[in-house]
Structures are given as C-alpha cells and as structure tokens.
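This report covers selected local features. The sequence and model come next.

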Amino acid sequence: MNANLHTEISKSAALFERAKSVLPGGCSRNTILRKPHPIYVERGQGCYVYDVEGVRRTDFANNIASLIHGHAHPAIVDAVSEQLGKGTAFTLGTEAEIDYAEYIRSRNPAFERIRFVNSGTEAVMASLKAARAFTGRPKIAKVEGAYHGLYDYAEASQTAKPDNWGQPERPCSVAVSRGTPQRLLDDVVVIPFNDVQGALKILGEHRDQLACVLLDVLPHRIGVIPAAEDFIQALRRWTEHNGALLIFDEVITFRSNYGGAQQWYDAQPDITALGKMIGGGFPVGAIAGRAEVMEVLNPLHGPAPFPLSGTFSANPITMVAGLTAMKLYDPHAVAKLNALGDRARRSIGEAIKTAGVPACVTGQGSMFRIHLSADAPANYRQAYLSPEKSAILSAFVGHLFDGGLIMVETGTGFLSTAMSEHDIDNLAAVVLAALRKIKPCL
C-alpha cells in the first residue's frame with residue numbers, strides 16, 4: 001500500500017499534474033511525454049542525468065543530439081558564466097559572432113558565408129527561402145519520411161502512412177499538421193530515398209519550378225541509414241544541370257565529421273543547415289553556403305532578396321558556448337567519438353545475437369538506431385512501423401529507460417564525448433536484458 005501511495009505522489013507525478021493545468025498536454029515538447037507521466041530532471045553532469053527522485057541514468061539522447069559534450073561541461077560553463085556578467089543579448093553586434101563565424105567557416109571550405117539563427121527548424125526554413133530567393137522558383141524537393149523540423153514545406157510527408165503515401169514510384173506530399181493548405185503541399189515534391197532513377201524521374205517532371213533539393217545524408221526517421229554515394233552524386237548533377245540548389249540538413253549529422261557528414265561524399269552542397277550541437281547546449285541554428293548564394297541575405301546594396309533577422313540570432317551566450325564546444329570537438333575528439341560509435345554498434349549487434357531475436361542496429365559516426373526486425377530498412381516505407389510494432393518498440397525503449405538508459409523514442413542513440421567504453425559496455429548489457437524481455441513479442 002505504501003509503495004503504491006509513493007508512486008502516486010512521486011515528485012514527477014505531482015509536477016505533471018501541475019503542468020497539465022497550464023500547458024497543452026502538460027508539456028512544451030511532446031518528446032518528454034511517457035506513461036504514466038514524464039520524468040523530470042534535477043540536473044545533468046557529463047553523460048549522466050539525475051531526476052527529481054534522485055535516480056541516475058546514462059543519457060544517450062543528449063537532448064536529441066544537441067549535447068556533444070554531455071551536460072555542464074566545465075569549459076562551457078565557465079565561458080557562458082563570464083559572458084553572462086557582460087550581458088546576454090544586444091541590439092548591437094558582438095565580436096563573439098564574428099569569432100564563431102570565422103571558426104565554423106574554417107571547418108569546411110563549402111561554408112563561404114554563414115548566418116546564425118535560433119534553431120534547426122529556422123536553419124532549414126532559411127535555407128529553403130534562400131534557395132527560392134536565389135532561383136526565383138517556388139517548389140522544393142525532399143525525401144519521403146525525412147524529418148527537417150516544423151516548417152510547413154519541410155515537414156511534408158514526414159509522417160505519411162500506407163493509406164495516404166501513394167505509390168512507391170510517386171510518393172504523395174502529405175500534411176503533418178491539420179489545416180495545412182493543399183496549395184502548399186503541391187509545392188513540395190517528394191522523392192524516394194536512395195532510389196536514383198525513381199528520384200530523377202520525379203525531379204525531371206518539375207525541373208523548371210524546383211528551387212532546391214533538401215537532403216539529410218543520415219536521416220533519423222528513415223532509419224539512420226546513410227545516403228548512397230550514387231544517390232548523392234545524382235542529385236548533385238541534377239541540381240547543377242537544372243539550375244536548382246542542393247541543400248544538406250546537417251542539424252544532427254554535423255557531429256559525424258570535422259566538417260560534417262557531407263565530407264563522407266565526393267560532393268558538396270550549395271547550402272548547409274546547421275543546429276543542435278553547434279550551440280554548446282543553447283538554442284542555435286545556422287545556414288552556411290556558397291558566397292554567391294548567400295548574397296540573397298546581403299542588405300548592404302539595397303533591400304535583400306531574402307531579409308532575415310531574429311531577436312536572439314547570434315546572441316553572445318550561444319556564440320561563446322558554441323565556439324567553446326566546437327573547439328573542444330577537434331579532429332581527435334571526432335575520431336575518438338566515432339570509434340566509440342563503432343564499439344556501440346558492434347556491442348549492440350553482439351547483444352542481439354546473444355538474445356537470439358530478429359533485430360539489427362544501423363548508424364554511422366556517433367549515431368545508432370536499434371530496429372526490431374532482422375533486416376535494416378532501405379527507405380521510409382520499410383522503416384515505417386505499424387501500431388502493433390510501435391507498441392513493441394515503445395515497450396523496448398521503456399525497458400531501456402527502466403534499466404538506466406535515456407534513448408530517443410525511436411530506439412536511437414547519440415553519443416557524447418563524456419562517455420567511456422564502460423558506458424558503452426553498460427549500454428550493451430541493458431540492451432540485452434531489454435531484448436530478452438520483449439523476445440516473446442517478436
């Protein structure tokens with residue numbers, strides 16, 4: 001009786017009751033929700049998070065890939081604390097913005113010019129609007145199922161289902177939010193992932209109206225499987241030959257290499273959208289690209305074709321936190337973390353084999369995703385889960401949570417430099433235990 005009473009009046013349960021009276025659904029971000037109630041955090045240190053009940057968990061979500069060094073890294077805390085005493089935001093410029101822009105540019109020759117914004121969603125939005133301003137064309141193309149944030153155009157078809165996604169050779173442009181205008185959806189051309197001929201056929205039908213092709217080279221929602229080299233090359237050639245721009249969404253994947261996941265390929269985009277980890281734990285976004293393209297943002301010679309401002313864009317707190325974090329994430333740190341990612345995927349694979357279940361693990365760099373199927377998906381339609389399979393995955397992630405691991409609800413993990421081989425070995429052990437618990441359901 002006392003145990004049940006304790007559960008009912010836990011600190012997290014009480015906080016959720018308060019939250020529901022002031023926040024729709026009791027939250028400002030749906031990703032915190034879990035049954036019977038969210039767990040509320042007290043503090044984070046390194047790769048560990050301590051909730052309000054005092055329970056410690058290893059954080060493999062890292063605020064959805066935004067904390068490359070884990071929580072409360074001392075150097076970032078010191079840099080932000082110093083800036084905090086000088087001010088947090090101004091209607092004037094700061095040298096911190098220039099310092100950080102110069103540094104980000106130094107990591108990738110494709111980043112000839114940079115503009116800072118406040119989130120990955122804003123970065124993708126600005127990238128698409130810049131492409132329209134540069135080309136004078138209205139339509140954008142994107143991969144079916146790929147997540148690119150909240151912008152109406154970018155979110156199309158990221159939650160398509162079998163009853164509305166159309167034929168594989170001609171995916172439909174499907175709304176996410178109720179009330180999305182059909183005329184907006186008509187300006188989004190949806191292409192299949194890693195299908196060169198299928199994608200080119202669809203793109204060719206819109207060649208005179210397409211401003212850009214938007215691509216994540218390691219898309220989370222599609223299964224954390226990399227874009228094929230021939231797919232990247234085909235899109236690069238098509239955009240060049242047809243006057244459109246190629247945009248890479250590296251909001252998550254920039255962690256994968258010193259200059260981003262695009263350095264895995266023999267091609268570079270016209271614009272790259274950045275975010276998450278480049279803020280050092282603070283809200284951030286950026287668009288970086290060819291100087292000629294980025295000129296559409298330049299207001300020094302008359303009204304800019306694409307005027308862009310933002311109250312907190314390039315605020316000095318984010319700039320100093322980001323610069324500190326990224327300097328710490330040097331080539332050695334990148335290589336070390338990617339090696340830890342290899343260990344994680346290998347160890348999870350061994351756990352799957354030991355458990356004897358139809359499952360697999362995908363990913364690259366410091367990212368991984370566990371699939372409760374014997375074969376890795378090749379595209380969004382293969383990655384799509386029925387309600388029954390979604391329930392099994394939710395139970396699996398719940399077992400991981402109960403075992404002391406925080407993961408993204410899709411079974412995805414993002415490593416941080418605060419992690420060690422010990423944390424990876426513990427990950428594998430908890431995964432094995434969780435797989436054994438759900439084995440009867442698979």
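## Serine 386 and the basis of the model

Serine 386 counts as partly exposed because its relative accessibility is 23%. (Buried means under 20% relative accessible area, exposed over 50%, and partly exposed in between, with a 1.4 Å probe and protein chains only.) Serine 386 sits in the loop between α14 (380-383) and α15 (387-402). Helices (H or I, at least four residues) and strands (E, at least two) are DSSP runs, numbered from the N terminus. Arginine 29 is 357 residues from serine 386 in sequence and 24 Å away in space, C-alpha to C-alpha.

This is a predicted model: local features need pLDDT of at least 70, side-chain atom pairs count only at pLDDT 80 or more, and totals for chains, interfaces and linings use all residues. Residues are numbered from 1 along each chain as its sequence is written, and side-chain values use heavy atoms, with hydrogens and water left out.

Glycine 403 lies in the loop between α15 and β15 (405-406). Its relative accessible area is 38%, so glycine 403 is partly exposed.

Arginine 436 belongs to helix α16 (residues 421-438). Neighbours within four places in sequence aside, arginine 436 is in contact (heavy atoms within 4.5 Å) with Thr354 and Ala355. Phenylalanine 396 is 40 residues from arginine 436 in sequence and 9.7 Å away in space, C-alpha to C-alpha.

## Helix α4

Which residues of helix α4 (residues 74-84) are buried? They are Ile76, Ala79, Val80 and Gln83. These residues are on the same side of α4 because they cover an arc of only 95° around the axis. The arc is that of the directions from the helix axis to the C-beta atoms. Asp78 and Glu82 are exposed on the other side of α4. The buried residues of α4 pack against α12 (316-328).

Proline 303 is exposed because its relative accessible area is 83%. Asparagine 338 is 35 residues from proline 303 in sequence and 44 Å away in space, C-alpha to C-alpha.

Is alanine 314 buried or exposed? Alanine 314 counts as buried, at 11% relative accessibility. Alanine 314 has a positive phi of about 60°, although it is not a glycine. Most residues other than glycine have a negative phi.

## The second largest pocket

The pocket holds about 870 Å³ of space. On a 1 Å grid over the protein atoms alone, a pocket is an open set of points where a 1.4 Å probe fits, with protein on both sides within 12 Å along at least five of seven lines; lining residues have an atom within 4 Å of a point. Grid points are joined across faces, edges and corners, and a volume is the space filled by probe spheres set on the points.

α5 (95-106) and β4 (113-117) each supply at least two residues of this lining. The largest share, five residues, comes from α5. By type, the lining divides into 15 nonpolar, nine polar and seven charged residues. Ala, Val, Leu, Ile, Met, Phe, Trp, Tyr, Cys and Pro count as nonpolar, Asp, Glu, Lys and Arg as charged, and the others, Gly among them, as polar.

The buried residues of helix α9 (residues 196-204) are Val196, Gly198, Ala199, Ile202, Leu203 and Gly204. Their cover includes β5 (139-143), β7, β8 (188-191), β9 (210-215) and α10 (229-241).

Asparagine 194 is in the loop between β8 and α9. Asparagine 194 has a positive phi of about 60° although it is not a glycine. At 27% relative accessibility, asparagine 194 counts as partly exposed.

## Serine 173

Serine 173 is in the loop between β7 (170-171) and α8 (182-185). A polar atom of its side chain lies 2.9 Å from the backbone oxygen of leucine 185. Beyond residues up to four places away in sequence, serine 173 touches Ala156, Ser157, Leu185, Val188 and Val190.

## A cis peptide bond

The peptide bond from lysine 35 to proline 36 is cis, with omega near 0°. Most peptide bonds are trans. Proline 36 is in the loop between α2 (11-20) and β1 (41-45).

Definitions and conventions. Polar contact = N/O pair within 3.5 Å; in protein donor to acceptor, adjacent residues only side chain to side chain.
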